[in-house]
Amino acid sequence: MSVKYESIVPWGRSFQEYVSMFNLTFDDLDKSILSCGDGPASFNSTMKKSGKTVVSIDPLYNLNRRTIEKKIEETYETVMGQTKDNEDKFVWSTIEDVEELGNIRMTSMREFLSDYETGKIENRYIPAELPYLPFENNQFELALSSHFLFLYTENLSLDFHMNSIDEMLRVSEEVRIFPLLDMNAVPSIYLPYVVESLTKKGCKVEKVGVNYEFQKGGNFMLKITK
């Protein structure tokens with residue numbers, strides 16, 4: 001059975017998952033970071049508690065806290081049900097089963113919700129979306145895209161991917177994208193075209209193995225530097 005969500009869903013991951021997915025070092029965490037399509041992840045909140053700052057962008061941030069909380073509640077059962085129906089596509093090692101996955105995700109999203117209103121005031125959660133970013137050229141040192149580009153290959157065109165990556169490179173010195181698989185744990189058909197196009201533009205493009213694998217085969221990120 002294949003996974004095909006009707007639209008991009010609000011789903012949040014933890015700080016430690018971000019560190020693992022993107023091979024973030026202590027030096028990386030001290031950089032100015034833009035995190036695109038963050039949704040209700042706890043990465044921003046945990047970084048704030050550590051005295052560091054991340055700017056997260058997502059169209060979800062146009063909504064108030066209660067509305068986001070309601071959307072998470074509405075989404076939860078659908079995502080859990082589809083995950084359970086497709087358990088064979090995931091690696092159940094660090095996370096033991098669907099129930100533990102649900103607990104981890106809800107803990108992360110509750111942390112986000114508790115930080116959201118303060119983060120909005122501090123301009124850490126900005127309502128914006130790729131491929132257009134409301135920032136200056138080279139405003140950030142590192143831009144991240146977690147579980148958006150490539151994952152939603154069936155929903156988002158190749159042009160959208162290229163325009164989004166170009167925009168992330170406009171505002172940051174380096175871009176990291178995870179994962180490189182689509183929703184059904186298959187390598188995105190866009191990946192070869194993206195790598196070829198960026199290389200022709202003079203970018204250094206690396207497929208980097210990471211110490212994180214939940215989707216089977218999903219233990220690589222794309223690292224792009226100007």
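Are phenylalanine 148 and phenylalanine 160 buried or exposed? Both answers come from a predicted model, and in it phenylalanine 148 is buried, as is phenylalanine 160. Let us begin with aromatic rings and then turn to a pocket.

A pair of aromatic rings is described by how far apart the centres are and by the angle between the planes. This structure has 17 aromatic pairs by the rule used here. In one of them, the ring centres of tyrosine 116 and tyrosine 125 lie 5.7 Å apart with the planes at 45°, so this pair is tilted. Tyrosine 116 has a relative accessible area of 2%, under the 20% cut-off, and therefore counts as buried. Tyrosine 125 is buried too, with a relative accessible area of 2%.

Now back to the two phenylalanines. The rings of phenylalanine 148 and phenylalanine 160 have centres 6.0 Å apart and planes at 80°, which is over 60 degrees, so the pair is edge-to-face. Phenylalanine 148 sits in the loop between strand S4 (140-146) and helix H6 (158-171), while phenylalanine 160 belongs to helix H6, so their pairing ties together parts 12 residues apart in sequence.

Rings also gather in a cluster: ring pairs link Phe15, Tyr18, Phe22 and Phe43.

Finally, look at the second largest pocket, whose volume is about 260 Å³. It is lined by 13 residues, and the closest to its centre are Glu17, Ser20, Thr94, Ile95 and Tyr212. Helix H1 (residues 15-21) gives the most to this lining, with three residues. By class, the lining has five nonpolar, six polar and two charged residues.

Definitions and conventions
Residues are numbered from 1 along each chain as its sequence is written. This is a predicted model: local features need pLDDT of at least 70, side-chain atom pairs count only at pLDDT 80 or more; totals for chains, interfaces and linings use all residues. Side-chain values use heavy atoms; hydrogens and water are left out. On a 1 Å grid over the protein atoms alone, a cavity is a set of points where a 1.4 Å probe fits but cannot get out, and a pocket is an open set with protein on both sides within 12 Å along at least five of seven lines; lining residues have an atom within 4 Å of a point. Grid points are joined across faces, edges and corners, and a volume is the space filled by probe spheres set on the points. Helices (H or I, at least four residues) and strands (E, at least two) are DSSP runs, numbered from the N terminus. Ala, Val, Leu, Ile, Met, Phe, Trp, Tyr, Cys and Pro count as nonpolar, Asp, Glu, Lys and Arg as charged, and the others, Gly among them, as polar. Rings of Phe, Tyr and Trp (its six-membered ring) pair if their centres lie within 6.5 Å; planes under 30 degrees apart count as stacked, over 60 as edge-to-face and the rest as tilted. Buried means under 20% relative accessible area, exposed over 50%, partly exposed in between (1.4 Å probe, protein chains only).
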